[in-house]
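Me: I would like to learn how to read pockets, cavities and salt bridges in a protein model. Could we take them in turn?

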Amino acid sequence: MTSVSVVGKPYTMRNLFLFAVMGYIICLPAQIDFGGAFRIAPSDLFLMLGLFAAGFHLKLDPRQFSSWHWGMLFIFVLASFVSIWRNGFITQYALLQKDFGFILLLLTYIMLVQAVDSWDRLYKMLRAFLISVLIFNSVALFDFFSGVKVPFMVQDGRLSGMLIDPNAYGGLLVTAFAIHIMTSGNGVKLLRGWVSTIATITLAGGIIMTFSRSSWIGLFLVLLTLLLTNPSRLIKIGMGFSVAFGALLLYKGTAYLDVLGNMASRPSQIQSRLDIIGKAVEWIAQSPLLGIGLGSYNYELRIIIHNTPIWFMTEFGLLGLIVYGGFMIWFFIVGLRSYRAADKENRPIIMALLLSHAAMIGLSMGIEALFQRYWWFMMAMNAACIRLTNTGWKGVMRYRTKGIERSAGRKLRQETEQAQ
């Protein structure tokens, strides 16, 4: 039995592949900014290593890679040609950041779903993600409260972590929060004991201090879903946010409430976003079906739209918006299928992945969230569950999770048996 689905690769290459996958996940909360000229994500270096280790053995399975994935690739190519037809060229920004960036994300998705060959592997990958986010967030909070300046961690009084952008960082924290909350009750716990308690408080504090309204929209969707499906979890969430907010006021004093109000409202930014959307609507009216072309809005106004659906409608047209919508809905459908087929012990992790997907859709209302690597990680883990719950899938192992140790930081154990 091989440890991953990279068939035929030598043992050392399999280990290198898994090392690259874990390195990619651990580095998800980090980007390195070089004076605003460009940014490098360490995760992409591990992606290259993983693709090298896998060689040509990565596979596309229709259960995990759908026609919607191909549709997304198609509309990026189409929007690039529309941009060339409309402007006479395509900008370097669109070609590198959008086209090439999307291809890298697709390759990332393929690599990550390929790595998940058991519940054991899935839990290890998600635990590594949570612990990495907690460490980076702890450093950001230390910067915020101590006054000791750590590069990139705080931008204009807002937590931004090493993702540089407070909105992107807020989305990362909400995603991690959704995973943590849903796995802190029944089933296999990713974090336990005092580690779980600290995670709840620090993630809540980080979400508050990003002052990211976009991430708060995502959090609202998580809370709304929990209210309808598992309201008892709201008690723990409320306690976590209360402790975090109380600690903030104890440190800053009640006078900081005015700062909180100003940071949360930022009326000038709201007006700016409305102006951006207003201009987008004008161009949508001019070219509603195919849009104005990839990168055209940024080329004309030197800004981005800060709303993923409107960005798609503007630059990809109605056709692109339909494909994007179908792509997003597909993950909900796959997740619900996995949830129905999974045993009681593994259902919380599938629900957590669905919640994280909903949170990211909320975040996408305020930023162009599609290129956030951690969203693709969550989508890949969501799609990977369909393989683990479909015991009739020919040629793969069937996995059970009885006897899994639940202590945080300890190695998960599970029995495996060959599918008949």
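Reply: Start with the largest pocket: it is lined by 40 residues, and those nearest its centre are Gln-31, Arg-39, Tyr-93, Gln-97 and Phe-371. Keep in mind that this is a predicted model.

Me: What volume does the largest pocket have?

Reply: The volume is about 1400 Å³.

Me: Now cavities. How is a cavity told from a pocket?

Reply: A cavity is a space where a 1.4 Å probe fits but cannot get out, whereas a pocket is open. In this structure the count is 2 cavities of 30 Å³ or more.

Me: Which residues line the largest cavity?

Reply: They are Tyr-93, Lys-98, Gly-295, Tyr-297, Asn-298, Ile-303, Ile-304, Trp-311, Glu-315 and Glu-368. Two or more residues of this lining come from each of helix H4 (92–115), helix H12 (296–301) and helix H13 (308–315). By class, the lining holds 5 nonpolar, 2 polar and 3 charged residues. The volume of the largest cavity is about 40 Å³. Tyr-93 is also among the residues nearest the centre of the largest pocket.

Me: And what lines the second largest cavity?

Reply: Its lining is made of Lys-59, Leu-60, Asp-61, Gln-64, Phe-65, Tyr-109, Ile-110 and Val-113. Of these, 5 are nonpolar, 1 is polar and 2 are charged. The space in the second largest cavity is about 40 Å³.

Me: On to salt bridges. How many does the whole structure have?

Reply: To find one, look for a side-chain nitrogen of Lys or Arg within 4 Å of a carboxyl oxygen of Asp or Glu. The search finds 6 salt bridges in the whole structure. One of them joins Glu-300 and Arg-86, with 3.7 Å between the closest N and O atoms.

Me: Where in the chain do Glu-300 and Arg-86 lie?

Reply: They belong to distant parts of the chain, 214 residues apart: Glu-300 is in helix H12 and Arg-86 is in helix H3 (residues 67–87).

Me: How far apart in helix H11 are Glu-282 and Lys-279?

Reply: These two also form a salt bridge, with the closest N and O atoms 3.5 Å apart. They are 3 residues apart in helix H11 (residues 267–286), so about one helical turn separates them.

Me: Asp-117 and Arg-121 form another salt bridge. Is Asp-117 buried or exposed?

Reply: Compare the relative accessible area with the cut-off: under 20% is buried, over 50% is exposed, and partly exposed lies in between. Asp-117 is at 7%, so it counts as buried. Arg-121, at 16%, is buried too. The closest N and O atoms of this pair are 3.8 Å apart.

Me: What are the values for the other two pairs?

Reply: Glu-300 is partly exposed at 38%, and Arg-86 is partly exposed at 33%. Glu-282 has 45% relative accessibility and counts as partly exposed. Lys-279, at 28%, is also partly exposed.

Methods: Residues numbered from 1 in each chain as written. Predicted model: local features only at pLDDT ≥ 70, side-chain atom pairs only at ≥ 80, totals over all residues. Heavy atoms only, no water. 1 Å grid on protein atoms, 1.4 Å probe; cavity = no way out; pocket = protein on both sides within 12 Å on 5 of 7 lines; lining within 4 Å. Points joined across faces, edges and corners; volume = space filled by probe spheres on them. Helix = DSSP H or I, 4+ residues; strand = E, 2+ residues; numbered from the N terminus. Nonpolar A, V, L, I, M, F, W, Y, C, P; charged D, E, K, R; others polar. Buried < 20%, exposed > 50% of the residue type's maximum accessible area, 1.4 Å probe, protein only.
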